[in-house]
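Please look over the sequence and the structure shown here.

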Protein chains: 2
Amino acid sequence: MITSLSQMADAVRSAGKRYRIAVAWAQDNNTVGSLYRAVIEGFVDALMIGSREQIIRTCHDTGADPSRFTIIDADDEKSAAAIAVGMTATGETDIVMKGLVGTDKFLRAVMDKDHGLLPPRAVMSYVCAVEIPAYHKLLFITDTAVIPFPDLDQKVAMAEYAIAMARRFGIAKPSVALIGASEKVSSHFPSTHDYSVMCKMAQRGQISSCVMDGPVDLFLACDPDSVRIKGVDTPLAGDADILLFPSLEACNPFYKGLMLFGGGELAGMICGTTRPVVLMSRSESELSKYYCVALACLMATHNE
Amino acid sequence: MITSLSQMADAVRSAGKRYRIAVAWAQDNNTVGSLYRAVIEGFVDALMIGSREQIIRTCHDTGADPSRFTIIDADDEKSAAAIAVGMTATGETDIVMKGLVGTDKFLRAVMDKDHGLLPPRAVMSYVCAVEIPAYHKLLFITDTAVIPFPDLDQKVAMAEYAIAMARRFGIAKPSVALIGASEKVSSHFPSTHDYSVMCKMAQRGQISSCVMDGPVDLFLACDPDSVRIKGVDTPLAGDADILLFPSLEACNPFYKGLMLFGGGELAGMICGTTRPVVLMSRSESELSKYYCVALACLMATHNE
């Protein structure tokens, strides 16, 4: 059972494997610093793809020993992304990670029909594991970054990805809260109809290995006192592991509020691809990037 | 300048006026307790409308002296709501408050064409003032409770209500952040088009007494470091007073996350009515209800 973000790397290390990560345009301080830590700790071999000169300079700036990395020269962001994704698609590396390349260029390489990592018709989504001091366990949150307004099929895929991630943390049957503004099904909120369908699918075993309920508001999902006071009959009982949001506009400020005002830390990754894809904002801290690398390694074991 | 929720009552008291509040079906502990405190502190006269016997019993349960209230007998929830709203519409009372009556029944009375409190074609919305330990000042948030998916006109009204509230707290020119998942205008997110229109309206003075920008994510709105790192040119500078959300589904879990995981406290009220309307969840604490009463009094002075 992994109950905090810092335990992810321990779990990967104790499995005794090193994961090969191809990093596209690997030349900003936080990317280099986070990977160097993972290399030193012994669970990652990092292939840094970009301008060799710039990568070595960044290593010196951050106190990293460049000889611990494999450096592969690339002319520009776009070709760095193509090389990194291509190596991961062919199995030369286990994981691909975005460095300083723009998100659009990077994702175009990931979604490339011939050389990319996304199977035909697969739903690509983003799941975060969040550690908040005021909650008694990790919370898995989706979708913080990719799908603006998910339809029913996309919501089902989002739930399945989050369930698979929670199970890798040792939660055999995670509780999935389908988050709305209240617990009422209402035609004012089309997401509540999708949620009703998903609960029926879970009941029929079409979404498996979980306890699912929604719509519920955040209090019913995460606060046992509210469940008691409101008298709502929900198997979540204020003890949710996973929060699924109706839109990116809803999920994004929620998780950022936890970071900014709740002292939260997170690790996240793209799901739906054939191999783990690490994609973060350029402004993300070194620690966040390190957690994301550890999470990708943890999830890579899943594919073996 | 009012910089914390506890200062609201001080500001009202120092103005030396008592506000008359009509409370519909005033017979739950938290409603009675919150009003008793406001009465004792000297800024409220409370007209408790409901079953006299039940109100007196609730007073005894909560240690309130029933002789400090004016009790008006009513047969049921619905007539209690009609009496409370009616008295406020005619000016016999300054503020109307929901007690144990259901939200639907209460709002139907508020929106009644002939005896209600909502002018024709007025936008009814909900604004909260939130106090969070990790933010350096109060945050005004809208819409936490009423409009599911506001259109442009409704968003403009929401902004104006929040600006009016912030100004009552002494913020002459509040900073309004129009919250999205990022700072990019995108046709994937129709709200970002509305936000662009609103910024132009603010520039033309059609929305006045504010600094407005959006779309911005929560970090650009509330974290100066993120503004610096991302290099986004925004007058908000990570110092927003007001957060306007694209939907109730986005705003509701956000503010509940602040309460549950960020140690937040809030006061909120319905805006757009001719007089302040206090409406809270039945499960809200006595302190929250007390803050809402103080906020309504503060905003009532606005109408004088």
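Two residues are in contact if their C-beta atoms, placed from the backbone, lie within 7 Å. With that cut-off in mind, the reader can turn to a pair of helices in chain A of this predicted model. Which residues in H4(A) meet residues in H5(A)? On the side of H4(A) they are Glu77(A), Lys78(A), Ala81(A), Ala82(A) and Val85(A), and on the side of H5(A) they are Lys105(A), Phe106(A), Ala109(A) and Val110(A).

Two packed helices are described by the angle between their axes and the distance between the axes. Here helix H4 covers residues 77–89 of chain A and helix H5 covers residues 103–110 of chain A. Their axes come within 9 Å and cross at roughly 35 degrees. The crossing in which H4(A) passes H5(A) is right-handed.

Is Gly91(A) buried or exposed? Gly91(A) has 10 other C-beta atoms within 10 Å, and a residue counts as exposed if that number is 12 or fewer, so Gly91(A) is exposed. Along the sequence, Gly91(A) and Arg275(A) are 184 residues apart, yet in space their C-alpha atoms are 9.1 Å apart.

The next step is the division of chain A into domains. The domain assignment gives domain 1 of chain A as 6–120 + 273–303 and domain 2 of chain A as 125–261. Between the C-alpha centres of these two domains the distance is 29 Å. Four residues from domain 1 of chain A and four residues from domain 2 of chain A take part in the contact between them. On the side of domain 1 of chain A that touches domain 2 of chain A, three residues are nonpolar and one is polar, with no charged residues.

Trp25(B) is found in the loop between strand E1 (19–24) and helix H2 (29–40) of chain B. Although Trp25(B) is not a glycine, its phi is positive, at about 60 degrees. Trp25(B) is buried, because 28 other C-beta atoms lie within 10 Å. Ser209(B), in the loop between H7 and E8 of chain B, also is a residue other than glycine with a positive phi, near 60 degrees. Ser209(B) has 15 other C-beta atoms within 10 Å and is therefore partly exposed.

Where in chain B are cis peptide bonds found? One is the bond from Thr142(B) to Asp143(B), with omega near 0 degrees. Asp143(B) lies in the loop between strand E6 (139–142) and helix H6 (152–168) of chain B. Another cis peptide bond joins Gly214(B) and Pro215(B), with omega about 0 degrees. Pro215(B) is part of strand E8, residues 211–216 of chain B.

Gly214(B) and Pro215(B) are also among the residues that Tyr195(B) touches, together with Leu178(B) and Gly180(B), when residues up to four places away in sequence are left out. Tyr195(B) itself is in helix H7 (residues 190–203) of chain B. Tyr195(B) is buried, because 25 other C-beta atoms lie within 10 Å. From Tyr195(B) to Leu266(B) the separation is 71 residues in sequence and 26 Å in space, C-alpha to C-alpha.

Two copies of a chain are related by a rotation about an axis and a shift along it. Chain A can be laid on chain B by a turn of 180 degrees and a shift of 0.0 Å along the axis, with an RMSD of 0.0 Å. This is the relation of a two-fold axis. The C-alpha of chain A nearest the axis belongs to Ala250(A), at 1.8 Å from it.

The contact between the chains takes 33 residues from chain A and 33 residues from chain B. On the side of chain A that touches chain B, the elements that give two or more residues are helix H8 (218–222), helix H9 (224–230) and helix H10 (248–261) of chain A. H10(A) gives the most, with eleven residues. The residues on this side of chain A divide into 19 nonpolar, nine polar and five charged. Of the interface residues of chain A, 100% are also interface residues in chain B, so the copies meet through the same surface.

Terms used. Residues numbered from 1 in each chain as written. Chains lettered and ligands numbered in written order. Predicted model: local features only at pLDDT ≥ 70, side-chain atom pairs only at ≥ 80, totals over all residues. Axes fitted to C-alpha atoms, helices over the stretch in contact; angles between N-to-C directions. Helix = DSSP H or I, 4+ residues; strand = E, 2+ residues; numbered from the N terminus. Left-handed = near helix turned anticlockwise from the far one by under 90°. Buried ≥ 20, exposed ≤ 12 C-beta atoms within 10 Å, placed from the backbone. Least-squares fit on C-alpha atoms with pLDDT ≥ 70 in both. Domains from an automatic or database assignment. Nonpolar A, V, L, I, M, F, W, Y, C, P; charged D, E, K, R; others polar.
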